[in-house]
Amino acid sequence: MKSDDFDADGVKSQTFSVDSGGRLLETRLYSPMAPATKARLIVFFPCGGFLSSDLEQTDDFVRVLAAGTGCKVLAVAYTTALNLPFPAAAEDAHAVLAWAVRHRAKLNWNGECMITAGVEAGGNLAAVSSMMARDRGGPAIAAQLLIMPMLDAGLTSCSMRTVDVTGGAARAADACAAGYRDYLPRAADRVHPYASPLQSSRMKGLPPTLILSAEDDPLRDEAEQYGAKLIAAGVKTLVRRMPPIAMEQPDARCDCARQESAMREIAGFIAALDNGCDATPGKP
């Protein structure tokens, strides 16, 4: 089964605006052709290193995600660091979760199962918004999909520190560093769990998690370390490392995530959620 077999061209999309503290955020709802489930909504945050949240860049991947899982997917363009630094993007992420619950009828979703998801900086926001939902009493999050996520603002992992000085991996590491510099101009914020989830000492109460890393990606160690911390805290967690990816390509992570092996992991993880999609793990 190739990614094209998901018939992603048949996925419909419509645009909404979400108010987040006076900031209007563009969101796109992707709805797969029948049989689509009304029980599950994936809220997806795109990549871009906190400097971009272009929904066009991830459009192909989100269509494959909707087609491959049978879930509605709400993609969110959050406030970038070039406009406002932390915690603006994190607050946007949580605001969209609350908005989706309030407007579930508009989304043709029954409100039973919300899953956060994201690639790279979007993976950070998927993890952070799950933490915020736990800490703030909702909304309930049933699961999180963290795809090659940025989780360590200190850039301290072995795979980040030992990256080759030339080539696509080096440029990807430099892009992460540049994004964090603008997103977290105050040094103290770099250890805040809502900015750097790997630094959090409180993992209990988070929802079941799928983490995808990739060989040769400088983000792979922090992704896998985060998975180990979740497992140690008793959170149902599945960690998978994908084959090497073409890091010299700007959309390499999305390309990797929409391949057959990655989509099979994502679809299988969602299908295996308890009781069809029990949202109670995300509650505090």
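Me: Axes are lines fitted to C-alpha atoms, for helices over the stretch in contact, and angles run from 0 to 180 degrees between N-to-C directions. On that basis, at what angle do α2 and α3 pack?

Reply: This is a predicted model, in which local features need pLDDT of at least 70 and side-chain atom pairs count only at pLDDT 80 or more, while totals for chains, interfaces and linings use all residues. Residues are numbered from 1 along each chain as its sequence is written, and side-chain values use heavy atoms, with hydrogens and water left out. The axes of α2 and α3 are 9 Å apart, and the two helices pack at an angle of about 65°.

Me: Which residues of α3 do the residues of α2 meet?

Reply: Contact here means heavy atoms within 4.5 Å. On the α2 side, the residues taking part are A89, A90, E91, A93, H94 and L97.

Me: How many helices and strands does the protein chain have?

Reply: Helices (H or I, at least four residues) and strands (E, at least two) are DSSP runs, numbered from the N terminus. Helix α2, for instance, covers residues 88-102, and helix α1 covers residues 59-69. Counted over the protein chain, the secondary structure comes to eight helices and eight strands.

Me: What share of the contacts with a separation of 6 or more comes from residues 24 or more positions apart?

Reply: The protein chain has 284 residues, of which 57% are buried. For its contacts with a separation of 6 or more, the part that comes from residues 24 or more positions apart is 78%.

Me: Is T69 buried or exposed?

Reply: Buried means under 20% relative accessible area, exposed over 50%, and partly exposed in between (1.4 Å probe, protein chains only). T69 has its place in helix α1, and, leaving aside its neighbours within four places in sequence, T69 is in contact with I42, M263, I266, A267 and I270. Because its relative accessible area is 16%, T69 is classed as buried.

Me: Which residue forms a salt bridge with R136?

Reply: A salt bridge is a side-chain nitrogen of Lys or Arg within 4 Å of a carboxyl oxygen of Asp or Glu. For R136, the closest N and O atoms in its pair with E91 are 2.8 Å apart. This pair links distant parts of the chain, 45 residues apart, with R136 in the loop between α3 (121-135) and β6 (143-147) and E91 in helix α2.

Me: In the salt bridge of R186 with D189, which residue is buried?

Reply: The closest N and O atoms of R186 and D189 are 3.0 Å apart. R186 counts as exposed because its relative accessible area is 54%. With a relative accessible area of 10%, the buried residue is D189.

Me: How far apart are the closest N and O atoms of R28 and E26?

Reply: Side chains of opposite charge can pair when their charged atoms come close. R28 counts as buried at 11% relative accessibility, whereas E26 is partly exposed, with a relative accessible area of 35%. The closest N and O atoms in the salt bridge of R28 with E26 are apart by 3.5 Å.

Me: Which residues are linked with E26 and R28 in a network of salt bridges?

Reply: A search of the whole structure finds twelve salt bridges. Some link up into a network, where E26 and R28 are joined by E56, D59 and R63.

Me: Which residue is joined to P139 by a cis peptide bond?

Reply: P139 is found in the loop between α3 and β6. Another cis peptide bond, with omega of about 15°, joins F86 and P87, and P87 is found in the loop between β4 (72-76) and α2. For P139, the cis bond has omega of about 0°, and the residue joined to P139 is G138.

Me: What is the phi of F50?

Reply: F50 is found in the loop between β3 (40-45) and α1, where it is buried, with a relative accessible area of 0%. Although F50 is not a glycine, its phi is positive, at about 70°.

Me: Where does E120, whose phi is positive, lie?

Reply: E120 is a residue other than glycine, with phi near 60°. E120 is buried because its relative accessible area is 11%. Its place is the loop between β5 (113-119) and α3.
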